[in-house]
Every structure is written in structure tokens, then in C-alpha cells.
Amino acid sequence: MEATALRTVLVSALAATLIGAPAAQAAPSAPGDLVDYKSVVATAPAKAWKLHYRSTSATGQPNTVSGILLVPHTPWTKGARPLVSYAVGTHGLGDRCAPSTRLTNGSENEVLLMSQALSRGWAVVVTDYEGLGTPGTHTYAVGQSEGRAVLDAARAASRVPEAGLSKTGPVGVFGYSQGGQAAAFAGELQPSYAPDVNLVGVAEGGVPADLNAVLKFNDGGPAFGLVLGAAVGYATAYPELPFTDVLNAKGEKAVAKVKEACTVELGAAAPFARLNDFTTVPNVSSDPRWQARLGENLAGKTKPGAPVFLYHASLDELIPLAVGKGLRDRYQALGTDVTWQEFPLLEHIGGVSAGGPVAMTWLGTKF
């Protein structure tokens, strides 16, 4: 072996032994391929790895997304260990809000639901979504991007050698609110985008399935900041949309704030405001370009590749019950195997508190 080649081998071997160094990977070339991964300590009862993996944007461009994989310490002896690709609800747009970060610093508010899956012996992979924890702005509320990130997280999880997961093992998807949207699109995209993922069930709740309806419902409402966040997400995913170029001074200031906000700050960023308050052009979302992209992100236009458990709180103050029922009706019209459950007298957060454990139990019937 020539001296130069020998030095290269020795340097590579030394780098691989460094504590905390990401594991070496072949050059990623396809969605779901690992870019790198490393062992981390998470505030969950499991072994954990931080991941960077390849995925695809809403417009079909390759990107890199981060996430975290959690595998229970207890062995699984019943064939391939099931995997839940877990889609979190709104965490915000700032990189510090990423679930992979919050699961390592103890601030992740959905860890109890994740732990319900882990306690059953299932592995859990949590995507950060596009632009959350990675360079660029988070494409918040863009289902076409979120669904791909959820499916590719499952692919990436099976490529971590130490995790012991099978590439053909059963995969379930779980999500609520923004995560419900991500889960819905994962189910709809799976047959064409990720047929290699053995998807057996999709549990989705509080789904903002029709963003035109959600915008109208929240325009002028107490949590209008979420609408502004979605506008930022769409303008990021689809640069042709008029938004950044039609912001007034108030809008520019609000958008700068929203881009750094986590959940609570995002919802409270502009209480009782209206989208027209921030733009020089009225009713910007009625522009045909906006309507075309919102139409692409209307859930329930394609039959999901697996059975669906769909649930909604009857008094949801953010995503009206009619939006959930509309999604149910579109699923049924497509011949989807859908189980619908309405939780009476509960608002948005109450919906996941009551429905999340039921949805997780339903997933277990599919594994």
C-alpha cells in the first residue's frame, strides 16, 4: 500500500474512534439515505441517535433533514421490531425548537406520548421537518414537505446499524395538529413516494387538512400567529408566492419575530391580527398562485397506502371540527379504510390528551 493511501486509512480509522463523532456513511444518493448519525443521550427511556438524512422538498428538490431515533433498551423477540415515525405538533420555526434538540435538553412536551410507544417495545423516529434544526427556514404547515420527511425518517432509521431495525419491518405513523397533517400526507404519499416503507397504519388527529378553511377560521383570532407562521412556511417552500415582497413594515417585523419563535411565542406573536394588517396587497392568499399551492396541500385527495385512525376534538378552537369531518368524508369517498372518532366537549390540546393514547393503542392493532 502506498504511503499516501496508508495515511488516509489511518486518519479515517482514527476519526471513526473519536467519541461522539458521527458515524461514517457512504455518499447519500436517495431519499432516506443517512448523511450522518451519532449516539446522543435523550430524556426518554431508550437508546438514541441524532440523524441527518436525505429527503425531498415540496417542489421535488433533494434536501437534508434532521431527526432523532429512539430504540427501547429491552430486546424485541417477536420478529422485526415495529417502528413509529412520529410527527410532532407545532414546535415553532426557530431551530432551537426542533424536537431532536428538545429531546436532549429535557424540554420536549410530547415525550410522554413517545414513551407510550417505547413502553410497548416499539422504536420511535422523530423528524425535525425541513428547515427546523437545519439550514434554511422551516416549511411550516406544508404537508407535501412534511409527509416526505416523515417517510424518509422511517427509511433512515432502518439504516442505523446499531438500532437493529429491519428495512421491511412494520411502520406506523403517528401525528397530531401539524403532526396530523404530516401523518396524513405520509399516508397519501407512501404508495408513490416510498413503496418500500412497510406502512401498516396512520394515526392522525386534529388535522389542518384544509388550510383555506383554517386561515379563515383563525384570521383575526387569538392564535393568529400560527397563520403568519404558515404564510412564512409556504413562502419558503414555494418562492414564487407573493408574500415577502408585499410585506409592510409591520409585516417585516412580525415575520422576523415568527421565524425565531417556538410554540407559545408563535401562537401569541400577533393576537387578533389579520393577514391584511401585514401586507401592502389585500387578501394575498386569494392570489391564484397561493390557491394552487394550497390546493396541492389539501389532505384527502389521494387514497392513503394504509388504514387510517382519524380523530378530532369537537370544540377545537384552532382547527374546526368541520375540517376534520371534511377530511373523513374525502377519505371515505376514496374507499379508504378509515376509523373516525370524535372527542366531545374538548378543545385542541384536550383532543390529543384524550385521543393520543387511543390512537397509539389503535396503531398497536396494526403491528
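1. Axes are lines fitted to C-alpha atoms, for helices over the stretch in contact, and angles run from 0 to 180 degrees between N-to-C directions. Helices (H or I, at least four residues) are DSSP runs, numbered from the N terminus. The model is a predicted one, in which local features need pLDDT of at least 70, side-chain atom pairs count only at pLDDT 80 or more, and totals for chains, interfaces and linings use all residues. Residues are numbered from 1 along each chain as its sequence is written, and side-chain values use heavy atoms, with hydrogens and water left out.

2. The axes of H7 and helix H8 (residues 249–258) lie 10 Å apart, at an angle of about 85 degrees. H7 is therefore roughly perpendicular to H8 (65 to 115 degrees; under 35 counts as roughly parallel, over 145 as roughly antiparallel and the rest as oblique). In this contact (heavy atoms within 4.5 Å), H7 supplies Leu228, Gly229 and Val232, and H8 supplies Ala254, Val255 and Val258. Five of these residues are nonpolar, one is polar and none is charged (Ala, Val, Leu, Ile, Met, Phe, Trp, Tyr, Cys and Pro count as nonpolar, Asp, Glu, Lys and Arg as charged, and the others, Gly among them, as polar).

3. H3 and H12 have axes that come within 10 Å and cross at roughly 20 degrees, so the two helices are roughly parallel to each other. Leu113, Gln116 and Ala117 of H3 meet Val352, Gly356, Pro357 and Met360 of H12. This contact comprises five nonpolar and two polar residues, with no charged ones.

4. The largest pocket holds about 1000 Å³ of space. A pocket is an open set of points on a 1 Å grid over the protein atoms alone, where a 1.4 Å probe fits, with protein on both sides within 12 Å along at least five of seven lines; lining residues have an atom within 4 Å of a point. Grid points are joined across faces, edges and corners, and a volume is the space filled by probe spheres set on the points.
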